[in-house]
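Subject: Structure handover and findings

Dear colleague,

Please find below the structure that I am handing over to you. My notes on what was found in it follow directly after.

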Amino acid sequence: MAPLTRQAATDSDPLDVLYIHPAVDRQDFHLPMGVISLMNSLDCRKRGVMLWELTPSLIRRARIAVLDLNWYFPLALVERAAAVLKQYHPRIVVVVGGATATIFARQIVERFAVDYVVRGDAERPFRLLIQTLLDGGATHHSPNLVFPGGAAEWSYSVSPDDTDYQLLDPVTVDWFPTFHQRMQRVHRDHPGEFREDLGVYPFVPVLRGCRHACEGCYANPQNHWGLFRRGFVARPADAVIDSLERCQRAGLSTAHIIGDFCELLPETFADAILSRNYDLHLTYDLFNLPPPQRIDEFLARFRSVRFICHLYRDHGETPCPEHAERLWQLLRQLRGTTGTVALFADYRQIDRGFLQEKRAGWPHVSLFDNAYWYIPVPYPGGEMEVSRQFEHFYRLCRGES
Ligand code: B12
Ligand code: SF4
């Protein structure tokens, strides 16, 4: 296959790939964390836009349109967007991927104007599919694809020695001007903050999946297998360090890590990551609580660290007095340092007065209600079950139930 050549796209040049984020509103800058790296793996004429930036002329300039469908909310929006794409450009190829797309792949290619769904880990399948489409070759052999009337073998999953997984670039977004500008502003005006309303960018990828098996989470090994056909996997420490250094080189103020390597990986991994200094603020989600020395190492290595903590152990799942005791110790340890805490608790289950009292006098601690995180989501399952879920979530997105 001939290698693709990169050409800068101006406002009137033809585009090989147009990525569209199906934003549910003007504040929805939540791209699935894997998407930026996927787009960066393509060396072709590419452009990213929010759904509300789409115009007929942009559609007509593109050969391939790519949409993410990770959280289920944009399910009906993706249907509408695909129909509009085909209306203005009947020969455009429409590609969709992400967790929800993986679960509902068959329904999406059969009921929406979508040509391909890429299931599970998309790094190699997506790159191969785009390259084959641009070369005019036969696509049906690219792994993990589902298309109208058929499916290719689901044979690709990332592994630590997979260079596609090692070489992720979650930082470069010059091909997506609106997102780029927004993120430059967020990094300038809100260093070190973790605020969903601002959009959280970039996440430094460390691992996929989890060793715990909390109900209702896609990282739970059973759900994870259904979504990715593999178990828990981590990138090598060098690859993670490279991603952090990319953030620095790009002049970003903050990196975000969700996927607690202190808890889930051997100590040597954390030793390697924390063996050097980063000119970055960090937000880091602690699934459980590491020893105090580890916390000190984080503080020494980053400009500041905002630890996301959970009132219960195992990422907020299990009430536990020892966990609570260590949590109060951590809050005391961080007083007067560059460390702050976003403390998440399920407000349906706890006495809020007790928490308010606990944190009185601790300005470095903010309280968050994560009750709203526990929303029903689609899960992988048998054919009948998936088709039942599809009808439910599709109607939900269309405001019909
Ligand atoms: C990190 C995370 C977040 C981060 C965001 C990270 C981000 N920007 O992606 C934050 C904290 C912001 C977040 C927020 C929310 N999250 Co969240 N989050 C996670 C978490 C813990 C890990 C995700 C992860 O590691 N992904 C790994 C990366 C690499 O995979 P990826 O981005 O999905 O991409 C790969 C493939 O899916 C695919 N792919 C993805 N997109 C596309 C697009 C195309 C075109 C292609 C080809 C392929 C492709 O290719 C990628 C590379 O292989 C998961 C649970 C879990 N542990 O899995 C929940 C999870 C994804 N979140 C979930 C939910 C529900 C939410 C919230 C709605 C919670 C809430 N109630 O507010 C919000 C939604 C935000 C919003 N307003 O849109 C659900 C999604 C369920 C669903 N299908 O709807 C999950 C699965 C948790 C669960 N309940 O099981 N979340
Ligand atoms: S610890 Fe967190 S990521 Fe792991 S299974 Fe539980 S909720 Fe999911």
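A crossover is called right-handed if, with the strands pointing away from the viewer, the path from the first strand over the helix to the second runs clockwise. Helices (H or I, at least four residues) and strands (E, at least two) are DSSP runs, numbered from the N terminus. In that sense, strand 11, helix 13 (residues 292-301) and strand 12 form a right-handed β-α-β unit.

Please note that this is a predicted model, in which local features need pLDDT of at least 70 and side-chain atom pairs count only at pLDDT 80 or more, while totals for chains, interfaces and linings use all residues. Residues are numbered from 1 along each chain as its sequence is written, and chains are lettered from A and ligands numbered from 1 in the order in which they are written.

Strand 10 is joined to strand 11 by four bridges, and the two run parallel. Here Thr 254 has His 281 of strand 11 as its bridge partner. Strand 11 (residues 281-285) in turn pairs with strand 12 in the parallel sense over five bridges, and Asp 285 stands opposite Ile 308 in strand 12. Strand 12 is also joined to strand 13 (residues 339-345) by six bridges, again in parallel; Val 305 has Gly 339 of strand 13 as its bridge partner.

How far is strand 12 enclosed by the rest of the structure? Six of the seven residues of this strand (residues 304-310) are buried, so it is largely enclosed. A residue counts as buried if 20 or more other C-beta atoms lie within 10 Å of its own, as exposed if 12 or fewer do, and as partly exposed in between, with C-beta atoms placed from the backbone. Helix 16 (residues 352-359), by contrast, is hardly covered: the count of buried residues among its eight residues is zero. After helix 16 comes Gly 361, with a positive phi near 85°.

Strand 1 (residues 15-21) and strand 2 (residues 46-50) pair in the parallel sense over five bridges. Within this pair, Val 17 has Lys 46 as its bridge partner in strand 2, and Tyr 19 stands opposite Gly 48. Strand 1, helix 1 and strand 2 also make a right-handed β-α-β unit.

The ligand surroundings

A residue is placed near a ligand if its C-beta atom, placed from the backbone, lies within 6 Å of it. Of the 39 residues around ligand 1, those that come nearest are Met 33, Gly 34, Gly 97, Ala 122 and Ala 219. Domain 1 (15-151) and domain 2 (163-369) both contribute to this shell, so ligand 1 lies between them; the domain bounds come from an automatic or database domain assignment. Strand 4 supplies the largest share, three residues.

The shell of ligand 1 divides into 26 nonpolar, seven polar and six charged residues. In this division Ala, Val, Leu, Ile, Met, Phe, Trp, Tyr, Cys and Pro count as nonpolar, Asp, Glu, Lys and Arg as charged, and the others, Gly among them, as polar. For ligand 2, the shell has five nonpolar, three polar and two charged residues; among them are Cys 210, His 212, Cys 214, Cys 217 and His 315.

His 315, found in helix 14 (residues 313-316), has a positive phi of about 65° although it is not a glycine. With 21 C-beta neighbours inside 10 Å, His 315 counts as buried. Asn 144, in the loop between helix 6 and strand 6 (145-147), likewise has a positive phi, of about 70°, without being a glycine. Asn 144 counts as buried, with 29 C-beta neighbours inside 10 Å.

Yours sincerely

Terms used
Pairing = 2+ DSSP bridges.
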